[in-house]
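Work through the exercises below with the structure open beside you. Try each task before you read its solution.

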Amino acid sequence: MDELFELKIITPERVFYEGKVSYTSFTTMEGEVGIYAGHEPMTMLLYPGVLSIHEESGVKKAALHAGFVEVTPESVNVLAQIAEWPEEIDRNRAEEARIRAERALREDGSTLREEMALRKAIARIEAAK
Amino acid sequence: MASMRDLKRRRESIESTEQITKAMKLVATVKLQKARVRAEQTKPYTQRMYRTVSAILLGSRNISHRFLKASGDGKAGILLITGNRGLAGGYNQNVIRMLTGCGIPKEKMRVYTIGRKGRDYLKSHDYELGEDYSEVINEPLYKDAIQLSEVLLSAYESEEISSIHVIFTDFKNTVVHTPRMIQLLPVTEVEGMEEIPDDMPMNFEPDDESVLDEIIPQYMASVIFGALLQSAASENGARMSAMDAATDNAEEMIDELSLQYNRARQGAITQELTEIIAGSQAVS
């Protein structure tokens with residue numbers, strides 16, 4: 001069994017997740033990052049993407065958008081602006097948002113806002129799978 | 001002894017005061033419930049944000065960044081959160097006392113005010129005032145907090161002010177609210193954390209600059225937002241208990257005056273009767 005560490009995910013509205021986990025992965029500005037216990041201290045900026053939480057009893061998934069992560073050897077603190085469990089995600093809406101964002105990107109080129117919207121939509125769809 | 005008419009008039013005037021305080025209490029109660037839910041929901045986030053980021057910043061004192069450099073010995077920028085209205089017990093006064101008693105001399109302060117009560121006081125005492133955002137406290141929004149943090153950060157960056165503090169009222173429960181002052185930048189200590197590892201190497205990804213650029217405004221905004229919500233809940237809590245006490249006092253006075261009035265009335269009747277009896281005895 002892998003060593004466990006403390007994972008805390010907090011959003012402005014609620015404490016999203018709190019517990020002992022063996023591994024977690026999420027998307028940062030640099031790409032996907034996976035963390036095991038004893039990681040070097042690090043602060044990273046989040047990008048919209050899928051968060052996976054490996055507990056002793058199984059794996060949980062969630063969509064995570066914007067915010068930052070503080071990693072220390074014993075704990076990981078995620079201060080997210082938005083976080084959603086798969087059951088809270090409306091897949092149809094996310095699908096629509098994806099189509100809309102893709103169309104907007106095709107029509108008037110890549111703007112940061114639309115790109116983020118597309119990433120968020122994809123993150124939601126992936127998490128809800 | 002006051003005449004019957006005077007007693008009656010006083011009682012009526014207190015009765016109408018009681019009606020007002022009772023109505024104000026009800027309004028404050030409703031507002032408190034709303035403000036309290038919001039304050040309690042955001043508290044874990046803002047508290048965590050405060051602790052995490054200030055610990056990070058404290059650990060990375062040596063990084064040179066536009067928001068972290070010690071900027072001379074200019075003025076202290078203070079964000080003072082009071083209410084727009086009075087009749088809230090000691091609420092506004094307690095916050096102002098926190099400012100005047102914080103040890104920073106008046107000449108070394110520039111105060112950004114939220115809440116007319118605080119602004120009026122400081123104006124009449126010749127404090128240097130920054131912008132005013134009094135309308136914000138009625139219904140604090142995250143957007144407002146972002147705007148406030150931008151104003152403060154740009155003043156900090158241009159060295160108009162050399163530190164950023166916020167004074168607000170912490171909402172513990174309906175009756176306990178304590179004024180608090182915290183220093184946001186530069187970070188010198190972290191409240192609620194006894195010892196900080198003096199050597200905490202922190203790596204930033206992608207790099208120091210872009211991470212700090214992103215998290216410092218977020219940190220400022222969420223701490224300010226939390227402070228606004230705490231203060232709004234405290235103000236309504238303070239007003240509710242003040243008005244509750246006022247209503248109780250009014251009731252007590254009304255009881256007292258009713259008693260006096262009835263006594264005076266009974267006295268007058270007795271006297272009249274005695275006079276009639278005495279008169280009829282004299283005739284017969």
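A residue counts as buried if 20 or more other C-beta atoms lie within 10 Å of its own, as exposed if 12 or fewer do, and as partly exposed in between. By that rule, buried residues make up 36% of the 284 residues in chain B. Keep in mind that this is a predicted model.

**Exercise 1. Chain A as a whole**

Solution. 
- Step 1. Count the elements. Chain A has 2 helices and 8 strands.
- Step 2. Read them in order from the N terminus. The run is β-β-β-β-β-β-β-β-α-α.
- Step 3. Along the principal axes, the C-alpha atoms of chain A fill roughly 50 × 30 × 25 Å.
- Step 4. Look at burial and contacts. Of the 129 residues of chain A, 35% count as buried. Among the contacts in chain A with a separation of 6 or more, 51% come from residues 24 or more positions apart.

**Exercise 2. Strand S3 of chain A**

Task: Which strands pair with S3(A), and in which sense?

Solution. 
- Step 1. Take strand S3 (residues 23–28) and strand S4 (residues 31–36) of chain A. They run antiparallel and are joined by 6 bridges.
- Step 2. Find the connection. A hairpin of 2 residues links S3(A) to S4(A).
- Step 3. Pick out a facing pair. A:Thr27 stands opposite A:Glu32 in S4(A).
- Step 4. Turn to strand S6 (residues 49–55) of chain A. S3(A) pairs with S6(A) in the antiparallel sense too, over 3 bridges. Here A:Tyr23 has A:His54 as its bridge partner.
- Step 5. Think about side chains. In a regular strand they alternate between the two faces of the sheet.

**Exercise 3. Chain B as a whole**

Task: Is chain B a compact globule or more spread out?

Solution. 
- Step 1. List the elements. Chain B has 5 helices and 6 strands. From the N terminus they run α-β-α-β-α-β-α-β-β-β-α.
- Step 2. Apply the globule rule. The radius of gyration of chain B is 28 Å, well over the 19 Å that the rule gives for 284 residues, so chain B is more spread out than a compact globule.
- Step 3. Look at the extent. The C-alpha trace of chain B spans about 115 × 40 × 35 Å along its principal axes.
- Step 4. Check the contacts. In chain B, 77% of contacts between residues at least 6 apart in sequence join residues at least 24 apart.

**Exercise 4. Helix H4 of chain B**

Task: Where do the buried residues of H4(B) lie around the helix axis?

Solution. 
- Step 1. Get the dimensions. H4(B) covers residues 142–157, which is 16 residues. From first C-alpha to last it reaches 22 Å, close to the 22 Å expected at 1.5 Å a residue.
- Step 2. List the buried residues. They are B:Ala145, B:Leu148, B:Ser149, B:Leu152, B:Leu153, B:Ala155 and B:Tyr156.
- Step 3. Look down the axis. The buried residues of H4(B) fall within an arc of 160°, so they line one face of the helix.
- Step 4. See what they pack against. The partners in chain B are strand S1 (75–81), strand S2 (109–114), S4, S5 and helix H5 (208–283).
- Step 5. Turn to the face away from the buried side. That face carries the exposed residues B:Lys143 and B:Ser154.
- Step 6. Step just past the helix. B:Glu159 takes a positive phi of about 65°.

**Exercise 5. A loop residue of chain B**

Task: Is B:Thr174 buried, exposed or partly exposed?

Solution. 
- Step 1. Locate the residue. B:Thr174 is in the loop between strand S4 (161–171) and strand S5 (177–185) of chain B.
- Step 2. Count neighbours. B:Thr174 has 17 C-beta neighbours inside 10 Å, so this residue counts as partly exposed.
- Step 3. Compare sequence and space. B:Thr174 and B:Asn236 are 62 residues apart in sequence, and their C-alpha atoms are 8.8 Å apart.

**Exercise 6. Where the chains meet**

Task: Which element gives the most to the side of chain A that touches chain B?

Solution. 
- Step 1. Size up the contact. It takes 19 residues from chain A and 18 residues from chain B.
- Step 2. Find the contributors. Strands S5 (42–45), S7 (58–71) and S8 (75–84) of chain A each supply at least two residues of that side.
- Step 3. S5(A) gives the most, with 4 residues.
- Step 4. Sort the residues of that side of chain A. There are 10 nonpolar, 4 polar and 5 charged.
- Step 5. S5(A) pairs with strand S6 (residues 203–205) of chain B in the parallel sense, over 3 bridges. A:Met44 stands opposite B:Glu205 in S6(B).

Definitions and conventions
Residues are numbered from 1 along each chain as its sequence is written. Chains are lettered from A and ligands numbered from 1 in the order in which they are written. This is a predicted model: local features need pLDDT of at least 70, side-chain atom pairs count only at pLDDT 80 or more; totals for chains, interfaces and linings use all residues. Two residues are in contact if their C-beta atoms, placed from the backbone, lie within 7 Å. Ala, Val, Leu, Ile, Met, Phe, Trp, Tyr, Cys and Pro count as nonpolar, Asp, Glu, Lys and Arg as charged, and the others, Gly among them, as polar. Two strands pair if DSSP finds at least two bridges between them. The expected span of a helix is 1.5 Å times one less than its number of residues. The arc is that of the directions from the helix axis to the C-beta atoms. The radius of gyration is taken over C-alpha atoms; the globule rule is 2.2 Å times the number of residues to the power 0.38.
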